[in-house]
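User: I am new to this structure and would like to go through some of its local features. Please show it first.

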Amino acid sequence: LFEALSYFYHMKFQFWSVGKNHEPYVKEGIELFTKRISNYYTVEWNIIPTPKYAATLSEMDLKKKEGEVIIDFLQKEDYLVLLDEKGKQFTSEELADFLQSRANESTRTIVFLIGGAYGVSDVVKKRANHQWSLSKLVFPHQLVRLILAEQVYRACSINRNEKYHHS
């Protein structure tokens with residue numbers, strides 16, 4: 001158990017999102033939950049800019065270009081969780097179990113990826129270790145960032161048996 005816990009505290013979360021920086025209407029919430037997560041894990045955001053001349057590219061070419069950048073950034077050992085509407089949905093408790101399982105497997109870095117406006121390339125989908133759907137609803141990318149940070153924080157609080165997740 002101690003061994004599992006020591007890995008638990010060394011695991012790192014990276015939140016990656018293709019697009020613009022956080023909009024003011026979500027920035028404060030994202031920063032709040034990111035700070036709270038940092039009480040459990042090292043956590044950082046990586047905003048991947050949309051490629052130059054994106055407006056002139058076809059949907060497929062844009063996904064391909066974004067995908068190349070994502071694949072270049074990823075480390076071989078990173079555990080990639082792709083946020084995708086066709087992915088598996090979790091309850092908050094199931095997400096907590098999922099994160100605890102990664103810790104028990106000594107996963108060092110979990111990358112949560114929010115793709116571009118048209119999703120991600122097939123190469124990125126194939127590289128993903130897991131595809132996660134937040135909802136059957138479609139949300140703006142900016143809100144997905146906030147929901148992601150809040151849900152990961154909620155899962156952390158569940159795993160620590162803290163009261164936040166009951167609110």
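User: Is serine 106 buried, partly exposed or exposed?

Analyst: The model is a predicted one. Serine 106 lies in the loop between H4 and S4. Buried would need under 20% relative accessible area and exposed over 50%. The relative accessibility of serine 106 is 30%, so this residue counts as partly exposed.

User: What value is phi of serine 106 near?

Analyst: Serine 106 is a residue other than glycine, and its phi is positive. The value is near 65°.

User: Is tyrosine 53 buried or exposed?

Analyst: Tyrosine 53 is placed in the loop between S2 and helix H3 (59-73). Its phi is also a positive value, near 60°. With a relative accessibility of 66%, tyrosine 53 counts as exposed.

User: At what angle do the axes of helix H4 and helix H6 cross?

Analyst: Helix H4 covers residues 92-104 and helix H6 covers residues 141-159. Their axes come within 8 Å and cross at roughly 75°. Angles of 65 to 115 degrees count as roughly perpendicular, which makes H4 roughly perpendicular to H6. The crossing angle is roughly 75°.

User: How many residues of the contact of H4 with H6 are nonpolar, polar and charged?

Analyst: On the H4 side the contact is made by Ser92, Glu93, Leu95, Ala96, Asp97, Leu99 and Gln100. H6 contributes Gln151, Val152, Arg154, Ala155, Ile158 and Asn159. The residues of this contact divide into six nonpolar, four polar and three charged.

User: How many residues apart in sequence are the parts that phenylalanine 15 and phenylalanine 112 tie together?

Analyst: Eleven aromatic pairs are found in the whole structure. Phenylalanine 15 and phenylalanine 112 form a tilted one, with 5.5 Å centre to centre and 45° between the planes. Phenylalanine 15 is in strand S1 (residues 12-18) and phenylalanine 112 in strand S4 (residues 109-114), so the parts tied together are separated in sequence by 97 residues.

User: Why does phenylalanine 15 count as buried?

Analyst: Buried means under 20% relative accessible area. Phenylalanine 112 is buried, at 0%. Phenylalanine 15 counts as buried because its relative accessibility is 0%.

User: Which residue has its charged end over the ring of phenylalanine 98?

Analyst: Phe98 belongs to one aromatic cluster with Phe13, Phe15, Tyr41, Trp45, Tyr79, Phe90, Phe112 and Trp132. The charged end over the ring of phenylalanine 98 sits 4.6 Å from the ring centre. It belongs to arginine 102.

Terms used. Residues are numbered from 1 along each chain as its sequence is written. This is a predicted model: local features need pLDDT of at least 70, side-chain atom pairs count only at pLDDT 80 or more; totals for chains, interfaces and linings use all residues. Side-chain values use heavy atoms; hydrogens and water are left out. Axes are lines fitted to C-alpha atoms, for helices over the stretch in contact, and angles run from 0 to 180 degrees between N-to-C directions. Helices (H or I, at least four residues) and strands (E, at least two) are DSSP runs, numbered from the N terminus. Angles under 35 degrees count as roughly parallel, over 145 as roughly antiparallel, 65 to 115 as roughly perpendicular and the rest as oblique. Contact means heavy atoms within 4.5 Å. Ala, Val, Leu, Ile, Met, Phe, Trp, Tyr, Cys and Pro count as nonpolar, Asp, Glu, Lys and Arg as charged, and the others, Gly among them, as polar. Rings of Phe, Tyr and Trp (its six-membered ring) pair if their centres lie within 6.5 Å; planes under 30 degrees apart count as stacked, over 60 as edge-to-face and the rest as tilted. Buried means under 20% relative accessible area, exposed over 50%, partly exposed in between (1.4 Å probe, protein chains only). A charge sits over a ring if NZ of Lys or CZ of Arg is within 6 Å of the ring centre and within 35 degrees of the ring normal.
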